[in-house]
Amino acid sequence: MLSVTVLIARALSTLNNKMKPASIRPLVICGPSGSGKSTLLKRLFKEFPKTFGFSVSHTTRKPRSDEEDGVHYYFVNADDMKEAIKAGEFIETAVFSGNIYGTSKKAIERVQQDGKVCVLDIEIEGVKQVKNSHLNAIFVFIQPPSIEELERRLRARKTETEESLQKRLNTAKQELAFGLQPGNFDIIIKNHNLKQAYHELRDFVYAHLINQKEQGLNVCVESMSLDDSDFMTNLD
Ligand SMILES: Nc1ncnc2c1ncn2[C@@H]1O[C@H](COP(=O)(O)OP(=O)(O)OP(=O)(O)O)[C@@H](O)[C@H]1O
């Protein structure tokens, strides 16, 4: 049996949550490597220079001479980071060359408190965790026209070894299966033609920004007018 005090506390907490002003919703962008996420985001940041921000990640690696704590990364020791991960403070973590990296929920909240839309360019596991969190994000999946075209773009980008390319293509198949499943994302944007894909992304995001503004959130929707010829510069 729950005591009256517990019931009252719960009711008050629910009321309190309802009265709290909502936070600016983070924007999650996900899609296979090579699907065009960075290209599309770069343009979005350029068109809305004051609207978006990236969160600062944590890492257990040592800072380099030009790196500042809280700016480039939050530099932490491995024990503290493992504790925080156990306590559920991280949205996603990964290990590279023996160091742990991760995005904390707090780092996302800092971007929101700054009045910006926090953009999360993350993989499927991260998406699942954001879905299970209180972050109330907007989820966008970028779909490549086909696996063959994805391979062609990744080869043309010249950033991968044969081994890492094959790994990315294998992962892409699993990502597509998750991404295309109805209900997993708010919108699926097929990046066949960059200009069209960008306009679809831009219009979708803009509608969400306006909607949040109408709800009283102080989100900046000021935009720069960009030349469409810009689209070609990314594809050279
Ligand atoms: N619609 C398009 N048509 C042709 N090429 C494209 C298109 N969109 C993106 N590209 C090119 O495909 C390559 C991969 O794009 P991009 O680097 O943006 O992918 P990504 O999803 O951010 O990849 P990663 O997850 O590996 O960072 C780039 O060289 C980019 O210029």
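Colleague: Where is N136 found?

Modeller: N136 is found in the loop between α5 and β8. Helices (H or I, at least four residues) and strands (E, at least two) are DSSP runs, numbered from the N terminus. Keep in mind that this is a predicted model: local features need pLDDT of at least 70, side-chain atom pairs count only at pLDDT 80 or more, and totals for chains, interfaces and linings use all residues. Residues are numbered from 1 along each chain as its sequence is written.

Colleague: Is N136 buried or exposed?

Modeller: Start with the rule. A residue is buried if 20 or more other C-beta atoms lie within 10 Å of its own, exposed if 12 or fewer, and partly exposed in between, with C-beta atoms placed from the backbone. N136 is exposed because 11 other C-beta atoms lie within 10 Å.

Colleague: What is the phi of N136?

Modeller: First the general idea. Most residues other than glycine have a negative phi. N136 has a positive phi, near 50°, and is not a glycine. K158 is also a non-glycine residue with a positive phi, about 55°. K158 is found in the loop between α6 and α7 (162-179). K158 is exposed, since 6 other C-beta atoms lie within 10 Å.

Colleague: How many helices and strands does the chain have?

Modeller: The chain has 9 helices and 9 strands. Of its 236 residues, 26% are buried. For contacts, the test is C-beta atoms, placed from the backbone, within 7 Å. Take the contacts between residues at least 6 apart in sequence: 69% of them join residues at least 24 apart.

Colleague: Which domains is the chain divided into?

Modeller: Domain bounds come from an automatic or database domain assignment. Here there are domain 1 (23-51 + 116-236) and domain 2 (55-115). Their C-alpha centres lie 22 Å apart. Domain 1 gives 16 residues to the contact, and domain 2 gives 10. On the side of domain 1 that touches domain 2, β7 and α5 each give two or more residues. α5 gives the most there, with 4 residues. For residue classes, Ala, Val, Leu, Ile, Met, Phe, Trp, Tyr, Cys and Pro count as nonpolar, Asp, Glu, Lys and Arg as charged, and the others, Gly among them, as polar. That side of domain 1 divides into 9 nonpolar, 5 polar and 2 charged residues.

Colleague: How many residues are in the largest nonpolar core?

Modeller: The general idea comes first. In soluble globular proteins, nonpolar side chains tend to be buried together. A nonpolar core is a set of buried Ala, Val, Leu, Ile, Met, Phe, Trp, Tyr and Cys residues joined through C-beta atoms within 7 Å. The largest core here has 34 residues, and L27, V28, I29, V119, V140 and L201 have the most contacts inside it. Elements giving two or more residues to this core include β1 (27-30), β5 (90-96), β8 (138-143) and α8. α8 supplies the largest share, 5 residues. Domain 1 and domain 2 each give this core at least three residues.

Colleague: Which residues does V140 touch?

Modeller: Leave out residues up to four places away in sequence. V140 then touches L27, V28, I29, F185, D186, I187, I189 and L201.

Colleague: Which residues of α2 are buried?

Modeller: In α2, K37, T39, L40, L41, R43 and L44 are buried. The buried residues of this helix pack against β1, β2 (52-54), β7, β8 and α8. Take L41, which lies in α2. L41 is buried because 20 other C-beta atoms lie within 10 Å. Not counting residues up to four places away in sequence, L41 touches I29, V119 and D121.

Colleague: Which residues come nearest the ligand?

Modeller: A residue is near a molecule if its C-beta atom, placed from the backbone, lies within 6 Å of it. Of the 17 residues around the ligand, S33, G36, S38, T39 and R153 come nearest. α2 (37-47), α6 (147-157) and α8 (194-214) each supply at least two residues of the shell. The shell divides into 4 nonpolar, 10 polar and 3 charged residues.

Colleague: Where does UniProt place the "domain: Guanylate kinase-like" feature?

Modeller: The unreviewed UniProt entry places it at residues 24-206. UniProt positions are given in the numbering used here, feature names are shortened, and annotations may be inferred rather than shown by experiment. Over residues 24-206 the chain is 43% helix and 21% strand. The unreviewed entry also annotates a "coiled-coil region" at residues 147-175. That span is 86% helix and 0% strand, and its end C-alpha atoms lie 11 Å apart.

Terms used. Contact = placed C-beta atoms within 7 Å.
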